[in-house]
Amino acid sequence: MAEKVYPPLVMPEGVDRRRVTVWSDGIALDADVYRPTDFAPEAALPAVVLCHGWGGSKLTAERYAALFASAGMITLTFTQSSWFDSGSPLQLIGDAPDLDDGNEARAHVRFIRDLVDPFAWAANLRAALDYIEGEPGVDPARIGLWGTSFGGGIAVHLAANDPRVKALAVQVTAIAPLGGPVAQLARKRAIDTARGDTEPIPQGVDPWPNMAGTPYLAKLAHFNPLAQVDRLRIPTLIIDAGEEEMFPIADNGARAAEIIKNTPGGVVDYQVIPGIDHYGIYFDGYEPGSRAALDWWKRHL
């Protein structure tokens, strides 16, 4: 969830990376497209959009994106809005200025940075899906989503509500809704925000233990990917860490897998990589986790 120093990418032979901009609700998202260099111009290849987790960036997923591209897919990684090199939502400071005939005005604004807003993240992931759908060489009938950590919950939320997603792979994913005292605080934040009794967009408050950025609790109060799992009608791979320390896997990945297994038409593969913790998925767990996802795409895209 918090950005770590991952092993550097060694670009596979025959893979090209191009920096692009994905536009989402008027915000420019920093993104990269990976594609094989040797496919025919008329080819229609499967594609995968990759979603990082809390505190991450497009680089969190670069090794996975390059690996999938080396196997004949077109892939896209992007950084969520307000993080690193992606643009920010803006908040008006003071009274709204008078507009001219073109609805333009000079205003004092605050750039919102490092915000964890699950619904904005889902909208950004949808925009990334729109982008890859229009990428030359992509077969729009064979698009998958990959998500890690908090981004796995975002991917589940979108996959359950967007029929363009034909297969899903998530790892060490936080998918259960808030619970206990933090859920109660989130409800209070939602009420206070709607009534104007607190800052309309939080910055630097409600810190999450050992995590960067600001959780938008008023939005997280309403975010429940687990409640969307029974809508999944696509092949879904869920990978957990055997020594997960961030959240109980029984209430997250394992629970989601059980729901899918008992849903008519549900197809799920649930794997637990032993001996690794949450961040270990990117180190000792990278090889088995990435290969499992690659095998999943080969079977289902």
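Start with the largest pocket, which holds about 410 Å³ of space. (A pocket here is an open set of points on a 1 Å grid over the protein atoms alone, where a 1.4 Å probe fits, with protein on both sides within 12 Å along at least five of seven lines; lining residues have an atom within 4 Å of a point. Points are joined across faces, edges and corners, and the volume is the space filled by probe spheres set on them.)

Before you click further: this is a predicted model, where local features need pLDDT of at least 70 and side-chain atom pairs count only at pLDDT 80 or more, while totals for chains, interfaces and linings use all residues. Residues are numbered from 1 along each chain as its sequence is written, and side-chain values use heavy atoms, leaving out hydrogens and water.

**Stop 1: the largest pocket.** Select Ala174, Ala176, Leu178, Trp208 and Phe247, which lie nearest the centre among 19 lining residues. That lining divides into 17 nonpolar residues, one polar and one charged. (Ala, Val, Leu, Ile, Met, Phe, Trp, Tyr, Cys and Pro count as nonpolar, Asp, Glu, Lys and Arg as charged, and the others, Gly among them, as polar.)

**Stop 2: the second largest pocket.** The volume here is about 170 Å³. Pick Ile27, Ser81, Pro89, Asp117 and Ala120, the closest to its centre of the 15 lining residues. Now colour helix α2 (residues 118-133), which gives the largest share of this lining, four residues. (Helices are DSSP runs of H or I with at least four residues, strands are E runs of at least two, numbered from the N terminus.)

**Stop 3: Glu135 and Arg18.** Show these two side chains and you'll find a salt bridge at 3.2 Å, N to O. (The rule: a side-chain nitrogen of Lys or Arg within 4 Å of a carboxyl oxygen of Asp or Glu.) Glu135 sits in the loop between α2 and β8 and Arg18 in strand β1, so the pair ties together parts 117 residues apart in sequence. Glu135 is buried at 6% relative accessibility, and Arg18 is partly exposed at 33%. (Buried means under 20% relative accessible area, exposed over 50%, partly exposed in between, with a 1.4 Å probe and protein chains only.)

**Stop 4: Glu133 and Arg164.** Here's another salt bridge, 2.8 Å from N to O. It links Glu133 in helix α2 to Arg164 in the loop between α3 and β9, 31 residues apart.

**Stop 5: helix α6.** Glu258 and Lys261 both lie here, three residues apart, about one turn of the helix. Their closest N and O atoms are 3.5 Å apart.
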